[in-house]
Amino acid sequence: MSFGVGGGGGSLGAGLPYQKFVSFALEETRLRTTLTPHPSQDKFKFIKSSDDNTVFNALSFSAPKIRLLRSLTIEKKNSFQVLDFAAFSEPEYDLPIFCANVFTTTAQSIVVLDLNPLYDTTVHKDYKDKYYKNIMPLVQKYSELLPWGGKITSESLRFFSPIVIWTIFESTEHNHHVLHSAFMDYYKVWLEFIDQAIKENNQVTVAQNREQQHKYLTWRTEKDPGYPLLKKLIGESRAEDLVKEFLFEGVNLLGTKSFLDYFPEYTSDDGSINKKRSMIGKSFETRPWNANGELIGNAES
Ligand code: BLA
């Protein structure tokens with residue numbers, strides 16, 4: 001049952017190869033449901049970088065209630081490791097999007113681990129309560145070991161939930177161990193949500209769920225912080241394919257609105273998309289939610 005997981009080999013400093021995270025998630029998912037290979041998997045199974053030292057592993061599946069579960073790991077020996085793992089429900093469910101992104105060098109790891117909300121939790125309190133109220137203790141469990149990573153691209157915050165782990169840590173074995181444990185906890189919560197999810201029959205709500213997922217995919221397809229590195233590794237056009245047809249597959253299918261329809265503040269003078277990652281800049285020196293998951297911001301934001 002290995003499906004190519006476990007390739008790569010060799011760890012980075014004291015870090016862990018992220019295939020272990022992926023294997024855990026797939027095994028845990030298979031305990032509960034049946035994974036079917038997603039059509040995108042064949043196309044992206046054998047990605048090769050322009051240098052021979054970088055190993056890519058791409059896997060994608062779907063399952064009942066799960067539109068897309070995909071993972072990409074990248075490992076360049078003695079240089080960096082990447083984990084990009086995400087899972088999206090079918091639009092008949094309003095489930096949060098499981099999101100685990102880690103960029104690790106020998107010195108440090110940049111981490112985002114979250115159940116990204118489908119609806120902005122500062123606006124949709126009912127959504128916040130439905131999914132996050134009962135799992136706020138996860139924040140206490142990890143906020144000391146995986147502390148807030150400091151100022152962040154402000155736009156990211158609307159895609160984050162009150163339980164997000166945004167952190168930058170020194171790449172030690174201990175820190176990776178804690179991250180692995182957090183990854184398992186968060187993923188199990190997501191699987192629990194999937195189990196309990198009840199199909200929405202109201203077509204208006206389904207259309208809203210679909211549009212929200214499309215908005216998320218559109219944002220990440222255009223502005224993901226990993227995109228520039230992917231372009232460097234495999235070239236501009238293959239990186240674009242990977243982003244649109246694998247990582248954020250659905251961006252061309254779930255909706256027809258454009259990036260600028262969703263995010264008009266990025267329109268530049270000539271009508272194209274402003275290349276800046278952030279129009280507002282970085283903010284939030286400290287964790288900006290209280291224990292009830294309400295956004296409180298902070299003095300410097
Ligand atoms: C940096 N990645 C970051 C940062 C964040 C994220 C918050 C810090 C910089 C910032 O403030 O924007 C991740 N941001 C996210 C995620 C969401 C978001 C997951 O808004 C979801 C809504 N990272 C990857 C992949 C690569 C990668 C696949 O996931 C490379 C192939 C690299 N991430 C990467 C690098 C940096 C980074 C190189 C540092 C460079 C930078 O800060 O731009």
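**Backbone and cavities**

Mentor: F284 is placed in the segment after β9 (282-283), where strands (E, at least two residues) and helices (H or I, at least four) are DSSP runs numbered from the N terminus. This is a predicted model, in which local features need pLDDT of at least 70 and side-chain atom pairs pLDDT 80 or more, while totals for chains, interfaces and linings use all residues. Residues are numbered from 1 along each chain as its sequence is written, and side-chain values use heavy atoms, with hydrogens and water left out.

Trainee: What is the phi of F284, and is F284 buried or exposed?

Mentor: Its phi is near 70 degrees, a positive value in a residue other than glycine; F284 is buried, with a relative accessible area of 10%, since buried means under 20%, exposed over 50% and partly exposed in between (1.4 Å probe, protein chains only). N78, in the loop between β3 (66-76) and β4 (80-89), also is not a glycine and has a positive phi of about 55 degrees, but N78 counts as exposed at 68% relative accessibility.

Trainee: Which helix gives the most to the lining of the largest cavity?

Mentor: Rolling a probe the size of a water molecule over the atoms shows where empty space is left. The contribution of α4 to the lining of the largest cavity is the greatest, with 3 residues, and α4 (137-143) and β8 (165-170) each supply at least two.
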